[in-house]
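Please view the sequence and the model before reading on.

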Amino acid sequence: MRSMIKCAVAALVTSTALAGPVSAELNGDLKIFLDTSNPAPRATMEAMISRFQEQHPDLNIETTVIDREAYKTQIRNFLTADTPDVATWYAANRMRPYVEAGLFEDVSDLWAEPEIAENLASTKGAMTIDGKQWGVPYTYYQWGVYYRKDIYEELGLSEPSNWEEFKANCQAIVDSGRACFTIGTKFLWTAGGWFDYLNMRTNGFDFHMDLAAGKVSWEDERVKQTFMNWKELIDMGAFVENHQTYSWQEALPFMVNGEAAGYLMGNFAVAPLREAGLTDDQLDFYQFPAINADVELAEDAPTDTFHIPANASNKEAAREFLRFVVSADEQTEINNGANLGQLPVNAKSSVDDDKFLNQGFEMLSSNSPGGVAQFWDRDAPAEMAKVSMEGFQEFMVKPDELDKILAKLERARGRIYK
Amino acid sequence: MSVTPTTPTETRSWYYRNQQAITPWLFLAPGILFFAVYVIVPIFQSFSISLYEWDGLGTAEYVGLRNYEDLYWEFVDRDAFFVSLKNNVIWLVMYLLAIPAGLFIALFLNQTVTGIRLYKSLFFFPFVISQVVVGLVFSWFYDPTFGLLNSFLGVFGLGPVNVLGNENLVTYGIIFAGLWPQTAYCMILYLTGLNAVDPEQIEAGRLDNAKGLKMLWYIILPQLRPATFIAFVVTIIGALRSFDLISIMTGGGPFGSSRVLAYYMFEVALSEYGFRMGYGAAIAVVLFVIMMGFIAYFLWSMYREEKGAH
């Protein structure tokens, strides 16, 4: 009898050893909450999780995908009750409320591991608050001007390398009966992108970050200068009309139909533009040109992240999952053109051979000496982001009200930063 | 078997003795419990949260009446709170148009022709579909480039008008969308009311040579008073809690000019960028006070009416 049990145990041990070639034996439940609700990212994430599952067959993984916009409000509930083990979110100030409330797990130990410390150094700053790291990035993407190459060629224009050329191009496009740029500001943040670039080009990265941190007055002359540059474009008729009624997706048709020649956007705009029928011969990308030659170029490159909630129940498996996500191979895989179509965070990963990804990678790694910003609504505190982006939208519709708008933002600054 | 009969009053339990008084309360208990837990208690919680500054996650800091003071200054500066309050007033006034419109349609439909049931259903249809759908349909209708409204205006050489992108028109545009289902609601109230109109009184009116508007004003409308009262109540409450349409059609924009108090409260406390629970609660209290004013008035007039009836 005893020998039989022994036999059975031995068989069981060998079988599990065969099934799980990876050393870590993880078991229990792993609950993952994702905000990647768009079809392509969703499929990417699900495929990635199934690869993780293959490595850890004993782990019972449960994935929940929540609508991206709804996620932003639901996260406050699920971090406190019925908490998942892994959750997606955003870097920088956007994670601050949860870090300060003690709802995110400190994962500095992961960042101390050589595998991560060496290869993810470039995004460490964005994940750090109070000298500790609170999550890992899984993707980031460049911002810049996506434009209709065929329209530029038709009008004999080339990619601008400075502000004067930028405006001259725009004037030529406006004269041809088109708008230079499409934009949909209904959900405000798209105007934040314009402000980011105009302010970083006019006053530089450090000034921009000081403004986001509430250290500079909104009624400062330098801020006004940024808006004056913006106003030049608005007065010229550079932007499509009625942008305040459209979402960023609803603004895409203007570019597809050739009614607008460009779009200041993140790289995620490429996929829908291609789907709408624009070929790579028609679509191209350039870095937002310098306005003030004295400041270094800086870029927006928002980083999307994974975190472990402090109330998670299976932190060991969660940590293993985070290691898996940032590993060089997975990073290459999930960020390739067929999947997320963005930039990998691991320095050892390879960037997919895609025109836009290559240009973006090139730009961020060699032509952004000033620094890399996350995006206005992630760098500034939530309240300030909301009020200011509303101001940007109002300014784009009624540029002559600038003084009133800035006074309002200055009042908000006095209230929000204490 | 000789058992000493116990007197019934002794064996009867306490419950048995008092059941006349207790039973109604027992039946009411679940309702009272839930009403207390989900309605009454939160009212007081809102009052108490409005005295704190709290991001919904960390510890709350007691700030006294500072949130109300901030609201006051927002009002003085004609900032978001002022705009919301102003829009609430516009909603209250404009939304009441649903009552005469509903009455008109009800009078029109109160006839017996073939297929009248179908027509009635069609008119009632907008009330059945979700507000979200109403909002979507109307935002396509108003779309400045592709919308039906501007195509229509174009025929007369007018427009284009960007209703939802113009800070002066946007609230009216949303109210107009809201009137569509609300009119249907008022219509159904009046249709049932019209069923109860006393034919003898109409007959008597006819004999006295009343017709047309005079008949409506002196004979029909007085009999529709209960329906009017209910229509008034639901419309006022509907106007004050308008939220879905604003959220769907504009998200409070452009630059916050279509906000109402309910939406502003959601925005500062619960939306993507909202972390000010205390401030949101303060707005909720203000909204509560306004609603309370109306509700008290309704209860009072209902009470007066019942007294008059006896």
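Domain bounds, as used here, come from an automatic or database domain assignment. The model is predicted. In chain A, the assignment gives domain 1 (24-141 + 302-349) and domain 2 (143-300 + 375-416).

**Between the domains of chain A**

- The C-alpha centres of domain 1 of chain A and domain 2 of chain A are 30 Å apart.
- Eleven residues from domain 1 of chain A and eleven residues from domain 2 of chain A take part in the contact.
- These two domains of chain A bury about 870 Å² between them, with 49% of it on carbon and sulfur atoms.
- Two salt bridges are found across the interface of domain 1 and domain 2 of chain A.
- A salt bridge joins A:Arg378 and A:Asp304, whose closest N and O atoms are 3.3 Å apart.
- On the side of domain 1 of chain A that touches domain 2 of chain A, five residues are nonpolar, four polar and two charged.

**Between chain A and chain B**

- In this interface, 31 residues of chain A are in contact with 31 residues of chain B.
- Chain A and chain B bury about 2,600 Å² between them, 53% of it on carbon and sulfur atoms.
- A:Arg76, A:Lys186 and A:Lys386 supply 20% of the area that chain A buries against chain B, more than any other three residues.
- Nine salt bridges and 18 residue pairs in polar contact (both at pLDDT 80 or more) are found across the interface of chain A and chain B.
- Helix 19 of chain A gives the most to the side of chain A that touches chain B, with nine residues.
- That side of chain A comprises eleven nonpolar, five polar and 15 charged residues.

Notes: Residues are numbered from 1 along each chain as its sequence is written. Chains are lettered from A and ligands numbered from 1 in the order in which they are written. This is a predicted model: local features need pLDDT of at least 70, side-chain atom pairs count only at pLDDT 80 or more; totals for chains, interfaces and linings use all residues. Side-chain values use heavy atoms; hydrogens and water are left out. Contact means heavy atoms within 4.5 Å. Buried area is the accessible area (1.4 Å probe) that two parts lose on being put together, summed over both. A salt bridge is a side-chain nitrogen of Lys or Arg within 4 Å of a carboxyl oxygen of Asp or Glu. Ala, Val, Leu, Ile, Met, Phe, Trp, Tyr, Cys and Pro count as nonpolar, Asp, Glu, Lys and Arg as charged, and the others, Gly among them, as polar. A polar contact is a pair of N or O atoms within 3.5 Å; within protein, one must be able to donate a hydrogen and the other to accept it, and residues adjacent in sequence count only if both atoms are side-chain atoms. Helices (H or I, at least four residues) and strands (E, at least two) are DSSP runs, numbered from the N terminus.
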